[in-house]
Amino acid sequence: MRYVFLLIILLVSCKPTAIINRNAIREKTSTLKGAIDYQDFTVSIPKGWQIELDHGSLTYSSLKFGKEYYRNMTKIYNLNYKFDTSETLKKVSKKDYNQNTSSIGIYNINKFAYQTKFGDTYSYTFSYKINNTIYKTNRTYFAFNNSYYCMTYRSEKAFFDTYFDKAKAIMLSINTIE
C-alpha cells in the first residue's frame, strides 16, 4: 500500500515534458527580441517593410499596413517540431498543407514544385474567405540547413500580387546564424 501511495504522488507531481517545453518556448518568444533571438536563421527585410510579433512568431509586412500587418504578412518557420526529417520534403509539405487547410473552405488551389537555391521547393497557393474578406495565401516548403521550413505569405486578395515577390525575396535571403 505504501508503494502505491508513493507511486500516485510521483505520477501526480510530474509534468509532461512536452508541456514544459512548449511553455519554455512560449516564454522565450513572448517579446520581439526574444522571438528574434530564438530563431535559428536570419533574413533580410526589404526596404519599406517591418517586423511584428504575431502569436509568438516573427511576421514581416509592408509598412503600408502599420498595425494592420495581418492584412498582408509573411512568416518563415522551422517545421522540425512537427515532422521528422527522415520523411521527404514532398511528404512533409503535403501533410502540413493538409493540416493547415482542412478547417477552412479553400478554393482556387494551385500546387507546383520548382527549384530554388534550396533545391526542391513545393508551393501551394489558395484562396479563402473570412467574414467578407477574401484572402490569398501561399505556403512554400523548402529544406535549409538540415531542416524543413515553410514560408507562409497571406494577404487580402487585392494586395497579394503587389507584395508576393518581396515575400519570396525574404525567404530566399535566409541565412544561418554564425
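1. Buried here means under 20% relative accessible area, with exposed over 50% and partly exposed in between (1.4 Å probe, protein chains only). Helices (H or I, at least four residues) and strands (E, at least two) are DSSP runs, numbered from the N terminus.

2. A word on the source: this is a predicted model, where local features need pLDDT of at least 70 and side-chain atom pairs count only at pLDDT 80 or more, while totals for chains, interfaces and linings use all residues. Residues are numbered from 1 along each chain as its sequence is written, and side-chain values use heavy atoms, leaving out hydrogens and water.

3. Back to α5, which has a kink of about 55° centred on Tyr163. That bend is the angle between axes fitted to the seven residues ending at a residue and the seven starting there. What about its length? The end C-alpha atoms of α5 are 23 Å apart, which agrees with the 22 Å that its 16 residues should span at 1.5 Å a residue; the expected span is 1.5 Å times one less than the number of residues.

4. Now the inside. The largest nonpolar core has 22 residues, and Ile76, Phe142, Met151 and Ile174 have the most contacts within it. By nonpolar core I mean buried Ala, Val, Leu, Ile, Met, Phe, Trp, Tyr and Cys residues joined through side-chain atoms within 4.5 Å. β3 (57-62), β7 (133-144), β8 (147-156) and α5 (157-172) each supply at least two of its residues, and α5 gives the most, with 7. A second, separate core has 12 residues, including Tyr97, Tyr124, Tyr128 and Tyr148.

5. Ile76 is worth a click. Setting aside neighbours within four places in sequence, its contacts (heavy atoms within 4.5 Å) include Phe41, Phe142, Met151, Ile170 and Ile174.

6. Thr121 sits in strand β6 (residues 119-130) and counts as buried, because its relative accessibility is 0%. Its side chain makes a polar contact with the side chain of Thr116 (2.8 Å), and a polar atom of the Thr121 side chain lies 3.1 Å from the backbone oxygen of Gly119. A polar contact is a pair of N or O atoms within 3.5 Å; within protein, one must be able to donate a hydrogen and the other to accept it, and residues adjacent in sequence count only if both atoms are side-chain atoms.
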